[in-house]
Amino acid sequence: MLWFGASLLLLSASPSWASVVVTADVSNNARRPAFPVPDLTQIRDILAHLEAPIISGLTERMGLATSHDLYANNGRRLIDVLTTRENIALKAGRFDYGKMEYPFTLPLISPDFTTPLTPFNPGTFHQDTFSGNPNITKFYLETLVPMFTSATSFYYHLDNSTLNDDAALNLDATLLGLLSHRSHIGKVVAETKYAANVTVFVPLIKSKDAGTIRTLLTNTAQEANVLAQAATAATAFSTAWITSGASFPPATGVNLQNAAAKLFRELIDITTQIEIEYIMQRLR
Ligand SMILES: *[C@@H]1O[C@H](CO)[C@@H](O)[C@H](O)[C@H]1NC(C)=O
Ligand SMILES: *[C@@H]1O[C@H](CO)[C@@H](O)[C@H](O)[C@H]1NC(C)=O
Ligand SMILES: *[C@@H]1O[C@H](CO)[C@@H](O)[C@H](O)[C@H]1NC(C)=O
């Protein structure tokens, strides 16, 4: 494989999540399958089904007592856990073309280029170079982690320890993977919207008019649906945990609902950005 301009995680001055890895490997293009995307109704259904695992993971994570020192140095320890997990996942094919899984710590899959042999007709997935993962990591470390304030833990340890660093970091890594997968389905959403309106999008792509593209992609009614579904799920999960006897402090239910609301607002925003970046690179 031939990697152009591959830049791995910057371990020095800048925060580790701030690096965006861009690679290009034109030779891959011809070997890739042409993946047609589902319609918007189907994609929304898929996104709705991804809500429960995310809220469930968040509920589990918020039920752990955690030392916030765990996230020192821009989440270095969490990044280390991710690196270990992602190297195994890479070997298992998790980041392959069309999987809609983008690693946080490894080089990104190379983008597609439109050629006469690979025309990427409207309605066909087209890999771009954008990853929303640096934004997701920043949001996670700066906004979500400070909301993890449980003083007690549901975890049971035979050594009677009250801190659960191993469990916490594993849940963090799992949640980040779920958030990333859900957001990057924005690339599929963008392709369906592009295919529905090629004549409108093409001149906007050529004139690099990201503002108008954003306006066309934004659907505030759909955003309100997503936020309402997330709020319902957060209430259902926290109620279920508390009624099943979880020894949560009374504020936990409200904390979870607040965190879920912030999280889904961020997911909508980063998904929109992923859609815009996808459309902007659609003709390359
Ligand atoms: C943990 O706590 C229980 C109950 O207080 C006690 O019986 C047990 O010996 C403790 N275990 C350790 C490893 O300290
Ligand atoms: C196509 O874009 C126009 C705006 O230029 C919009 O009114 C119309 O709803 C769009 N059609 C689809 C199918 O998205
Ligand atoms: C993602 O991060 C970039 C760089 O920090 C920033 O300009 C952009 O606004 C962020 N996007 C979202 C949706 O937070």
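In the predicted model, D269 is partly exposed, at 37% relative accessibility, where partly exposed denotes the range between buried (under 20% relative accessible area) and exposed (over 50%), computed with a 1.4 Å probe and protein chains only. R265 is likewise partly exposed, with a relative accessible area of 32%. The two side chains form a salt bridge with an N to O distance of 2.8 Å; a salt bridge is a side-chain nitrogen of Lys or Arg within 4 Å of a carboxyl oxygen of Asp or Glu. Both residues lie in helix α10, four residues apart, about one turn of the helix. Together with E223, R265 and D269 are linked in a network of salt bridges.

Residues are numbered from 1 along each chain as its sequence is written, chains are lettered from A and ligands numbered from 1 in the order in which they are written. As the model is predicted, local features need pLDDT of at least 70 and side-chain atom pairs count only at pLDDT 80 or more, whereas totals for chains, interfaces and linings use all residues; side-chain values use heavy atoms, with hydrogens and water left out.

The protein has 10 helices and zero strands, assigned as DSSP runs numbered from the N terminus (helices: H or I, at least four residues; strands: E, at least two). Of its 284 residues, 47% are buried.

A search of the whole structure finds 11 salt bridges. One of them joins the side chains of E191 and R282 at 2.6 Å, N to O. E191 lies in helix α6 (residues 186-196) and R282 in the segment after α10 (252-280), so the pair ties together parts that are 91 residues apart in sequence. E191 and R282 are both buried. A further salt bridge, at 3.4 Å (N to O), is formed by the side chains of E275 and K193. This pair links distant parts of the chain, with E275 in helix α10 and K193 in helix α6, 82 residues apart. Both E275 and K193 are buried.

I54, in helix α2 (residues 51-62), is buried, with a relative accessible area of 1%. Not counting residues up to four places away in sequence, I54 touches L175, L178, L179, R182, L263, F264 and L267, contact being defined as heavy atoms within 4.5 Å. The C-alpha atoms of I54 and L176, 122 residues apart along the chain, are separated by 9.3 Å.
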